[in-house]
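Please read these notes with the model open beside you. They go point by point.

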Amino acid sequence: MSEPASSWRYVDALRLALGDALERDPRVFCYGQDIAAPFGGAFKVTKGLGERFPERILNSPISENA
């Protein structure tokens, strides 16, 4: 990101931190509802990460009845 860190939104900082962790460690993955491409989750935290790391950004099943 080209903006100073003081102007980032929380979602941007989270996305950057997750991207850094995924790049550095192949054991890191994310698992949640609708977080894989193209959605990026309800708050879009993983948006763009699903395309970069498709095998490690995984959708979990929605299980309200469980």
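1. **Basis.** This is a predicted model, in which local features need pLDDT of at least 70, side-chain atom pairs count only at pLDDT 80 or more, and totals for chains, interfaces and linings use all residues. Residues are numbered from 1 along each chain as its sequence is written, and side-chain values use heavy atoms, with hydrogens and water left out.

2. **Core.** Start inside. The largest nonpolar core has seven residues: Leu22, Cys30, Ile35, Ala36, Leu49, Phe53 and Ile57. A nonpolar core is a set of buried Ala, Val, Leu, Ile, Met, Phe, Trp, Tyr and Cys residues joined through side-chain atoms within 4.5 Å. Buried means under 20% relative accessible area, exposed over 50%, and partly exposed in between (1.4 Å probe, protein chains only). Take Cys30 as a way in. Beyond its neighbours within four places in sequence, Cys30 touches Leu18, Ile35, Arg56, Ile57 and Leu58. Contact here means heavy atoms within 4.5 Å.

3. **Surface patch.** Phe29, Tyr31 and Leu58 make a nonpolar surface patch of about 330 Å². Patch members have over 30% relative accessible area and no salt bridge; nonpolar side chains (Val, Leu, Ile, Met, Phe, Trp, Tyr) are joined within 5 Å, like charges within 9 Å. The areas come from the Shrake-Rupley method with a 1.4 Å probe, and for residues only the protein chains shown count as cover. Phe29 sits in the loop between helix 1 (10–24) and strand 1 (30–32). Helices (H or I, at least four residues) and strands (E, at least two) are DSSP runs, numbered from the N terminus. Why does Phe29 count as exposed? Because its relative accessibility is 52%.

4. Glu23 is exposed at 53% relative accessibility, while Arg52 is partly exposed at 45%.

5. **Two more bridges.** Arg9 and Asp12 meet through their side chains at 3.3 Å, N to O. Arg9 is exposed at 53%; Asp12 is buried at 12%. Arg56 bridges to Glu55, with the closest N and O atoms 3.9 Å apart. Here Arg56 is buried at 12% relative accessibility, and Glu55 is exposed at 54%. Shared partners also join Arg9, Asp12 and Arg15 into one salt-bridge network.

6. **Ser60.** Ser60 follows strand 2 (57–59) in the chain. Is Ser60 buried or exposed? It is buried, because its relative accessibility is 16%. A polar atom of the Ser60 side chain lies 3.4 Å from the backbone nitrogen of Gln33. Apart from neighbours within four places in sequence, Ser60 contacts Tyr31, Gly32 and Gln33.

7. **Glu51.** Glu51 belongs to helix 2. A polar atom of its side chain lies 3.4 Å from the backbone nitrogen of Gly48. Leaving out neighbours within four places in sequence, Glu51 is in contact with Ala37 and Pro38.

Note on methods:
Polar contact = N/O pair within 3.5 Å; in protein donor to acceptor, adjacent residues only side chain to side chain. Salt bridge = Lys/Arg side-chain N within 4 Å of Asp/Glu carboxyl O.
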